[in-house]
Every structure is written in structure tokens, then in C-alpha cells.
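Let's take a tour of a protein model, one piece at a time. Keep the picture open while you read.

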Amino acid sequence: MKLASLKDGRDGRLVVVSDDLAWYAPADAIAPTLQAALDDWERCEPHLRALAETLEHGGVPRERFHEHEAASPLPRAYQWADGSAYVNHVALVRQARGAEMPESFWTDPLMYQGGSDGFLGPRDAIPLSDPSWGLDLEAEVAVITGDVPQGASPEAALAAVRLVMLCNDVSLRNLIPGEIAKGFGFFQAKPASAFSPVAVTPDSLQGWRAGKLHGSLEVELNGEPLGRADAGVDMTFDFGQLVAHAARTRSLAAGSIIGSGTVSNRGPDGGPGQPVAAGGVGYSCLAELRTVETLADGQARTPFLKAGDVVRIEMRDGRRHTIFGAIEQQVEAT
């Protein structure tokens with residue numbers, strides 16, 4: 001089942017979307033918004049599934065689904081917490097700024113709590129006020145949970161995953177070192193993120209196995225391939241572990257979003273991966289590419305994002321059909 005929120009007020013209007021993302025049917029009679037459906041999931045889910053099945057068979061009034069009319073599935077959320085499940089990425093980025101990586105990072109997930117009072121839509125512009133801030137994309141996988149009790153086991157936490165989607169976790173790289181140096185985490189370095197046009201139930205994803213989404217995460221910058229990393233490979237912590245980590249000392253409310261962190265694959269030799277043009281799977285953010293360039297040549301050559309740049313993030317199935325729709329955003333000077 002695929003769900004989306006069409007732009008309508010602050011919380012959008014819930015619709016069920018066909019598997020091929022061509023059509024949608026309004027779900028207002030079941031729940032006005034996705035958050036309302038998540039709050040009453042046991043009642044709403046079977047009705048939403050029945051509507052989805054009827055939509056596939058053309059048995060309900062339908063309208064064309066246009067991705068540019070979609071907000072992020074949850075236009076705002078009670079909670080957005082992003083992990084760093086791909087420790088390879090963490091190691092590379094820390095190496096670039098000369099920071100040592102503790103051994104505990106391989107056994108205890110990193111996680112930060114981001115702003116969730118408003119997300120960018122999947123086709124909304126990324127605002128950039130100051131190019132010196134070092135604007136970067138981060139292509140990720142994210143899940144939306146139901147209610148998760150404090151202290152939930154990884155198995156129970158995984159069972160609470162309701163929906164899966166893609167994310168562009170926008171970062172301002174040059175602000176990160178100063179904020180981390182204060183010893184109090186990210187804030188200004190993490191502006192509004194964007195999520196894919198549709199969110200998908202795990203049972204509808206062929207690549208969903210053991211709390212990981214397997215499949216190539218296609219990342220393009222200005223029409224050129226930047227990354228093709230497999231989201232199910234080199235993921236140190238699965239989503240059951242990430243959600244359980246977030247719920248260790250607090251309960252999570254239905255509608256909480258947990259991110260995987262930047263998807264990253266090692267090279268065949270265990271070291272940094274190679275660019276797509278060199279036969280590798282590339283990178284899901286510019287910071288990782290810049291780190292590899294620094295390691296190879298002594299300095300980074302690729303600049304961070306500037307006004308006019310276009311970022312595209314997408315995942316396709318075995319027949320090359322889009323699964324979640326595309327996050328496609330142009331950087332806009334503000």
C-alpha cells in the first residue's frame with residue numbers, strides 16, 4: 001500500500017496511491033490526514049488497504065497523481081530523529097575534519113533529533129541564504145512508526161514500523177564543526193529535510209528484509225549520477241535497532257520518523273568507494289565525495305551545492321519502475 005499527502009493546509013490531505021504512482025483516490029472518508037490515520041492505525045489500516053485494492057482494479061473514482069502536488073507524507077511530525085546506520089559514512093566524514101571515531105560507534109548508534117515542525121515537499125526548492133554554509137544533500141531511507149513503548153526490544157520496535165520512505169536530510173556542512181565543538185549537538189546545521197512523494201508499507205516492498213531496505217538508491221546532481229549505493233548493504237544497524245535506540249528512555253508517539261543516516265557502501269577492498277564514473281557505486285552526499293577526493297589528492301575538488309543546482313533521489317524496482325516517486329529539488333538563493 002502506498003500513501004501520500006497532497007498539499008492542503010499544514011498537514012496535507014491523505015490519499016491512497018496506485019502501485020505505479022499513476023492514480024490516487026482520496027482517503028478523506030477514512031482519515032483526513034496521514035497523522036490521523038497513524039493515530040488510529042488499527043481501525044484505519046484495513047480500510048486504507050481495501051481502498052488501495054479497489055483503486056488497483058479501477059473500482060473507485062480516481063484522479064491522476066502528480067508528484068509535484070505532493071507534500072512530504074507527513075508535512076510536519078511530532079518527532080524526527082536521524083541515525084547514522086552506515087558507519088562507513090561516519091568514519092569518512094569524521095576523517096575529513098580530523099576527528100577520531102570512537103570504537104563504540106560500531107555498537108551504539110549515533111542519533112540526533114532534528115526539526116520536525118515543517119518539512120520541505122519532495123519537489124520544493126531547497127533555500128540557501130549563505131553559500132559559505134556549505135549546503136549538502138544526504139540521501140537516506142526513513143521509516144514512520146506507530147506508538148513505540150519505552151524500552152521496546154528491537155523486534156518490537158521493528159513491528160511498529162508502519163511506513164517506509166526516502167529522505168533528503170539537508171545539511172549545512174560548514175556549520176557542523178562549530179556546533180559539535182559546543183558539545184550540544186546539531187541545530188542550525190540541520191535545516192528542513194524533504195521526504196519522497198509516497199510512503200510505502202513494508203509488506204509492499206520486495207527489498208524490505210530484516211529491517212533493511214535493499215536496493216540501489218539513485219542520487220543525481222544536475223542530471224549526472226552521483227550515487228548508486230545499495231541501502232541494504234553496509235548498514236550496521238537495522239531499523240529495529242534504530243527505533244529501539246530512540247525508544248530506550250522515552251516512548252515514541254505514532255507518526256515519529258526515524259532516519260537511517262546517509263546511505264554509504266564500502267569499496268570492494270573495504271576502503272572508500274569509487275565514483276560512479278569509475279565503476280563504483282558513488283556517494284549519497286557531497287561530503288563523502290569530498291572526503292574521498294581529499295584522501296586521494298590532498299584537497300576536495302567538488303563544491304557544495306549552489307543556487308541552481310538540482311538534486312534527485314529515487315529508488316526503482318526490478319522493472320525500473322519508481323517505488324516512492326522522486327525527491328527532486330532545486331537550490332534557490334534566498
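What follows looks at a helix, some strands, the cores and a group of aromatic rings.

## Before we start

This is a predicted model, so local features need pLDDT of at least 70 and side-chain atom pairs count only at pLDDT 80 or more, while totals for chains, interfaces and linings use all residues. Residues are numbered from 1 along each chain as its sequence is written, and side-chain values use heavy atoms, with hydrogens and water left out.

## Helix α2

Helices and strands here are DSSP runs (H or I, at least four residues, for helices; E, at least two, for strands), numbered from the N terminus. Helix α2 covers residues 41–56, which makes 16 residues. The expected span of a helix is 1.5 Å times one less than its number of residues. For α2 that should give 22 Å, and its end C-alpha atoms are 21 Å apart, which agrees.

Which residues of α2 are buried? They are W41, C44, L48, L51, A52 and L55. Seen down the helix axis, these buried residues fall within an arc of 100°, so they line one face of α2; the arc is that of the directions from the helix axis to the C-beta atoms. Here's the background: an α-helix has 3.6 residues a turn, so residues three or four places apart point the same way. On the other side of α2, E42 and E53 are exposed. Buried means under 20% relative accessible area, exposed means over 50%, and partly exposed is in between (1.4 Å probe, protein chains only).

What do the buried residues of α2 pack against? Their partners are β1 (2–6), β2 (13–17), β3 (23–26), α1 (34–39) and β10 (161–168). After α2 comes G58, which has a positive phi near 70°.

Two strands pair if DSSP finds at least two bridges between them. β1 and β2 run antiparallel, joined by 5 bridges, and K2 has V17 in β2 as its bridge partner. These two strands form a hairpin with 6 residues between them, and G9 in the turn has a positive phi of about 70°.

β2 also pairs with β3, again antiparallel, over 3 bridges. Here V15 stands opposite P26 in β3. This hairpin has 5 residues between the strands, and L21 takes a positive phi near 60°. As for β2 itself, 4 of its 5 residues are buried.

## The cores

A nonpolar core is a set of buried Ala, Val, Leu, Ile, Met, Phe, Trp, Tyr and Cys residues joined through side-chain atoms within 4.5 Å. The largest one has 68 residues, and F65, V164 and F324 have the most contacts inside it. Helix α6 (residues 239–246) gives the largest share of this core, 5 residues. A second, separate core has 32 residues, including M1, A27, V60 and I257.

## A cluster of rings

How many aromatic pairs does a search of the whole structure find? There are 4. Rings of Phe, Tyr and Trp (its six-membered ring) pair if their centres lie within 6.5 Å; planes under 30 degrees apart count as stacked, over 60 as edge-to-face and the rest as tilted.

The rings of W80 and F195 have centres 5.3 Å apart and planes at 90°, so this pair is edge-to-face. W80 lies in strand β5 (residues 79–83) and F195 in strand β12 (residues 194–195), so the pair ties together parts 115 residues apart in sequence. W80 is buried, with a relative accessible area of 1%, and F195 is buried at 0%.

The rings of F119 and F195 are also edge-to-face, because their centres are 4.9 Å apart and their planes are at 80°. Together, W80, F119 and F195 form one aromatic cluster.

Definitions and conventions:
Contact means heavy atoms within 4.5 Å.
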